Amino acid sequence: MDKLEMVRELTNILGPNRVLYKEHQLLAYDCDGYVAQKARPKAVVFPVTTEEVSRVVKLLHEHQIPFLPRGAGTGLSGGATPLNGEVIISLAKMDRLLHVDFDNMRAVVQPGHINLQLTKKIAGNGCYYAPDPSSQSACTIGGNLAENAGGSHCLKYGVTTNHIVGAEIVLPNGNIVEVGSYMGDSLGYDLIGLIVGSEGTLGIATAITVKILKKPEAVKTVMAMYDSVEDASNTVSDVISSGIIPAAMEMMDQLAMQAVDKSNYYVGYPTDIAAVLLIEVDGLAAGVEEMAEKIVHMCQKHHVRMVKVAESDAERALWWSSRKMAFGAMGRISPDYLVQDGVIPRTRLAEVLAKIADISRESGLRIANVFHAGDGNLHPLILYDGRIPGQTKLAQETGSAVLKVCADVGGSITGEHGVGVEKLEEMRFLFNDAELQAQLAIRSVFNPQDLCNAGKLVPKPSRCVEVKRAQQLFQAEQAVYDGFQEHTSILSPAYKEAK
Amino acid sequence: MAKAEADVSLLQLESAFKWPDAPDEDKYSVCVHCGFCLEVCPTYQQLGDENQSPRGRVYLIKSASEGLLPLDESVIDPVFQCLDCRACETVCPSGVQVGALIEEARGQVFYAEPAKGMKGAVQKLFLRGIFPHPNRLKMVGKLTRFYQKSGLQAVSRKSGLLKILPKQLREMEAILPEVPATSALDSLPERIPQRGDKKATAALFTGCVMDVVFSDINRATARVATHNGLEVIVPKQQICCGALQVHAGDREQARQMAKHNIDVFLASDADYIVINAAGCGAALKEYPELFRDDPFYHEKAEQFSARVRDISELLVEVGFEPPQAEVKRTITYHDACHLCHAQKVRSQPRQILRSIPGVTLVEMPNSDRCCGSAGIYNITHPDMAGQLLERKMDDVPEGVECIAMGNPGCMMQIMVGVHRRETDLDVLHTIEILDEAYRREGNE
Ligand SMILES: Cc1cc2nc3c(=O)[nH]c(=O)nc-3n(C[C@H](O)[C@H](O)[C@H](O)COP(=O)(O)OP(=O)(O)OC[C@H]3O[C@@H](n4cnc5c(N)ncnc54)[C@H](O)[C@@H]3O)c2cc1C
Ligand code: SF4
Ligand code: SF4
């Protein structure tokens, strides 16, 4: 099928205003938040219902045209970048809150629903949606599902996978299935567990059921500034081993502080401190007061320069914006940046940071550090200038070296941003061929023709003959695949009605 | 897979922006493509299309600069669909000056193909033909007043003659407040003494549309300022600020007007230049941007801009007297984009309203989302402007009697909204309410 024909068919399904196909309309969809690799999609379509997504996917599947889902395109690993000339299925217009069930503490949203908007809409009832990636004011819950997004408060409350209980999925052949369970555990294989974090390679989520939580009665936020990263790291370890589980524990280094302090989110960090810690505790009012005091005490034990409890909501909000805007503020100090997302055992923090500093010196590229210290989730921000020939590549190599250090100390190459196209090669730091093959085999069950977001998440193992065989088998048989026919409902009965 | 490198610098393509004063690399290269700006952009909220988002627009402008895109519809449409509301600048952690980039890109389009059709006719007539010329502007005011007073308005409304106008102009005609007999620029004395001790001298910028349709607000501004110890002067040679020209891309015309104003105001002895129209205020504060490439006027523009204050900003800065008399009203406040996003003036108007005994201020959700007025956007892009107006009217809280704001463009737009909804909400300038309180004080 040639492009024109495809456009005609897509227009038949969606109408003329919801299909972009002219070369110049596609430029804005070249990449997501990861700008080091770019490619042009074939078209961009804007469905508004599950049915429409299904019809679009059926058409593309039938004609063997690759496609991929896209939320807000804030992904930092290139998950939504159309490297194979895909048709981008934008879910930006599928942004409705379909149903809220305060009795059972569930909400059902369309995939394009913005994360923070959900919290805003249910705040009146004293509720919120816990996973809070720094990009929460812009990213979608569909994108969060695909990336298994984390966030500052995931230390205590868990990441996205702990909050999504079910989803309606359009499979790569266009069939609609429901996975997960509204209440309790789902039976059989944990398919919702599999879908969360699958980076859009197993299908497209078109309705998502999430847990909502009651807002904690009280919150206290502590800011502590240190002359040495070591002291800050030791405070983190101390707090955790004391048995307190803070709601969040975040760290930024001097370079990161400089960047945000140049932005609208100015806090006024001293220019001669090495690290700032943001520690938040929440829970019942009485206990929170006491925990905050204990934390202040622990900071003092580790030679804190200055420690302070937020005096007002406004102050607390400012501290948090400063932390959350840190990546975006990199534009203040560098034309481009590449953020890494390594995980390490908390106890190795000081050592790993020293190694990162070495890597920075060797490469000649500055590296700022922002991290979810409580989780041992680092975000080294590698600053570069893509206009200088060779620097993009150098930045990518530097990132890879950083991830190698993380893997070597027993950590991981991604805590929350996903593998995308960015960290494909680095998957080999953690997995052997057999393990990668097992992952690809799973993909071929759902996505046998590899039309849906191909080439993301799992690198092809060097010995991939068996996998190819497995894929061919699945393609030939289709039997396993057909098991996912449109079938019994396990989602909310109320949501069904609402639909 | 080998990692590809996006190295456009090697391609050495020619920029699509061939004229002077083009969007510069320093401005677009700070965008790190994070996407924080998407969700605050009114056009992206309505359309979900990244071409019509701040990130997309900056990317298109960058691509055109780098010669990857020609200056055709693909750039022109997004650049002109932008409301220039600057909501994106408020959130952008990187400090991308989206507004300036858009305005400069429009300048390139203006050079390339001065606007055609209906839009072009409107632009030519108003932007070059009327606004820059105070006397012609006054004529329009007089004609409008004649139209309203002579019974012609009643006749034409009855006769159905107005049907030939596009809907949005028809609605404008319907809501247009009665045009005062004289403009403030004409009727106010050149120097108005303050009450009590002199705190400073403020030169009143009377504006163009403001002074035809809303000249009473200018008079209220002068009264409120003098009431608070400010000597007010009214430089008679001043002309329109040029904001609408900048928005339309007619930067050369805007520069000529700016030069004139800079010279007139710098020649006065005023400590401040005070303005009550958000769009004009932002333009005045941004005169230096217009003269990036003119060292002489750049420096003068900086001296000029350093003195410009919105009236609410100035009152808070010099200290204003809370009124004694009551104004019993339940009010909600709409943040004009060019006041909150461009000038960062948010708390001062609220502080003023709260200081008035009897006023209950009810916050409007998303009070800083654009109402769709945006200069002449509601005439050039009636469809999008209409959608945004609907959203704005939906946001007005239950039970309020009045919507206050600090920009004449928004006032007219929201009056259309009130007209459409057939409610009896008052649409007032913040300063009018303060002025009413002071005047009651005098009468007590
Ligand atoms: C400044 C900044 C800060 C960030 N901070 C954090 C953070 O603290 N924690 C964190 O976890 N992430 C963070 N991120 C990364 C990013 O915001 C998250 O990965 C987010 O979940 C992506 O959501 P999105 O809607 O933008 O998805 P997109 O970028 O559009 O897509 C991401 C992936 O999801 C797939 N996808 C999208 N929608 C669907 C769907 N409905 N069904 C199936 N697949 C889908 C896409 O194909 C792609 O592979 C940050 C990003 C930025 C720019
Ligand atoms: S918020 Fe600023 S830096 Fe981020 S994409 Fe938008 S314009 Fe670019
Ligand atoms: S100025 Fe307003 S309309 Fe234009 S890109 Fe920014 S937020 Fe969107």
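## Helices α13 and α25 of chain B

In this predicted model, helix α13 (residues 215-227) of chain B packs against helix α25 (residues 430-443) of chain B at an angle of about 60°, their axes lying 9 Å apart. Axes here are lines fitted to C-alpha atoms, for helices over the stretch in contact, with angles running from 0 to 180 degrees between N-to-C directions, while helices are DSSP runs (H or I, at least four residues) numbered from the N terminus. The two helices α13(B) and α25(B) are therefore oblique to each other, a class that takes whatever is left once angles under 35 degrees are called roughly parallel, over 145 roughly antiparallel and 65 to 115 roughly perpendicular.

Where the two helices are in contact (heavy atoms within 4.5 Å), B:Ile217, B:Ala220, B:Thr221, B:Arg223, B:Val224 and B:His227 of α13(B) meet residues of α25(B) that include B:Leu434, B:Tyr438 and B:Arg439. The residues of this contact between α13(B) and α25(B) comprise six nonpolar, two polar and five charged, where Ala, Val, Leu, Ile, Met, Phe, Trp, Tyr, Cys and Pro count as nonpolar, Asp, Glu, Lys and Arg as charged, and the others, Gly among them, as polar.

## Helices α3 and α4 of chain B

The axes of α3(B) and helix α4 (residues 73-81) of chain B come within 10 Å and cross at roughly 140°, which makes α3(B) oblique to α4(B). From α3(B), B:Arg57, B:Leu60, B:Ile61 and B:Ala64 meet B:Ser74, B:Val75, B:Pro78, B:Val79 and B:Gln81 of α4(B), and the residues of this contact are divided into six nonpolar, two polar and one charged.

Residues around ligand 3 (each with a heavy atom within 4 Å) include B:Cys41, B:Arg57, B:Cys82, B:Cys85 and B:Cys88. Helices α3 (54-65) and α5 (87-91) of chain B each supply at least two residues of this shell, which divides into eight nonpolar, no polar and three charged residues.

The residues surrounding ligand 2 include B:Cys31, B:His33, B:Cys34, B:Cys37 and B:Cys92, and its shell has eight nonpolar, three polar and one charged residues.

## Ligand 1

Ligand 1 lies between chains A and B and is surrounded by 36 residues, the closest being A:Pro69, A:Gly71, A:Thr74, A:Ser135 and A:Thr140. Among its polar contacts (pairs of N or O atoms within 3.5 Å), an oxygen atom of ligand 1 lies 3.0 Å from a backbone N or O atom of A:Ala72, and one lies 2.9 Å from a backbone N or O atom of A:Ser134.

## Basis of the values

Residues are numbered from 1 along each chain as its sequence is written, and chains are lettered from A and ligands numbered from 1 in the order in which they are written. In this predicted model local features need pLDDT of at least 70 and side-chain atom pairs count only at pLDDT 80 or more, whereas totals for chains, interfaces and linings use all residues, and side-chain values use heavy atoms, with hydrogens and water left out.

Conventions
A polar contact is a pair of N or O atoms within 3.5 Å; within protein, one must be able to donate a hydrogen and the other to accept it, and residues adjacent in sequence count only if both atoms are side-chain atoms.
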